[in-house]
Amino acid sequence: MNQPETGSRHDLIEHRFLIAKEDLDTAYLLLDAKQYRGANNRAYYSIYHTIDAILSIEGIAFKRHKDTLAYFNKQYIATGIFPREMGKKIVKAEEIRHASDYDTFYVASKDITKQQVETAEQLLNLAKLYYSQKQNVT
């Protein structure tokens, strides 16, 4: 029997941060194993789940990644809550993940993959700091 979902918004946010961290850890493992295509994928999903956690603070959710990223860019990057440079890195991570997953002849390099994993870690750290600051304000 399925039980209804229960929990607070805080629980949801923490769960999404946990998923982002697990994806980041997997990205590092894949990077170390020289599995760059998979590492790019996990780095992107760490970024996506981090953004999803941030939007959960507002109670916002979208079905499509495109909408999630566009809203984050408009509400959090363009307004200066997160650095503009991070916005550019997120766009690049999405492009590289797409190429890694779908472009037959795309070969992911170690350096590019390392940058993507580092971007995921930077965003997760910034997002956790942002959430911590939001909690202290309310």
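Arg16 belongs to helix α1, which covers residues 9–32; helices (H or I, at least four residues) and strands (E, at least two) are DSSP runs numbered from the N terminus. The model is a predicted one, in which local features need pLDDT of at least 70 and side-chain atom pairs count only at pLDDT 80 or more, while totals for chains, interfaces and linings use all residues. Residues are numbered from 1 along each chain as its sequence is written, and side-chain values use heavy atoms, with hydrogens and water left out.

Arg16 counts as buried because its relative accessibility is 19%, where buried means under 20% relative accessible area, exposed over 50% and partly exposed in between (1.4 Å probe, protein chains only). Leaving aside residues up to four places away in sequence, Arg16 touches His49, Asp52, Ala53 and Ser56, a contact being heavy atoms within 4.5 Å.

Pro83 lies in the loop that links α3 (65–77) with α4 (84–102). With a relative accessible area of 41%, Pro83 is partly exposed. Apart from residues up to four places away in sequence, Pro83 touches Ile77 and Leu126. A separation of 9.9 Å lies between the C-alpha atoms of Pro83 and Leu123, which are 40 residues apart along the chain.

The protein as a whole contains five helices and zero strands, giving the pattern α-α-α-α-α along the sequence. Its C-alpha trace spans about 45 × 45 × 25 Å along the principal axes. Of the 138 residues, 38% are buried. Among contacts between residues at least 6 apart in sequence, 67% join residues at least 24 apart.
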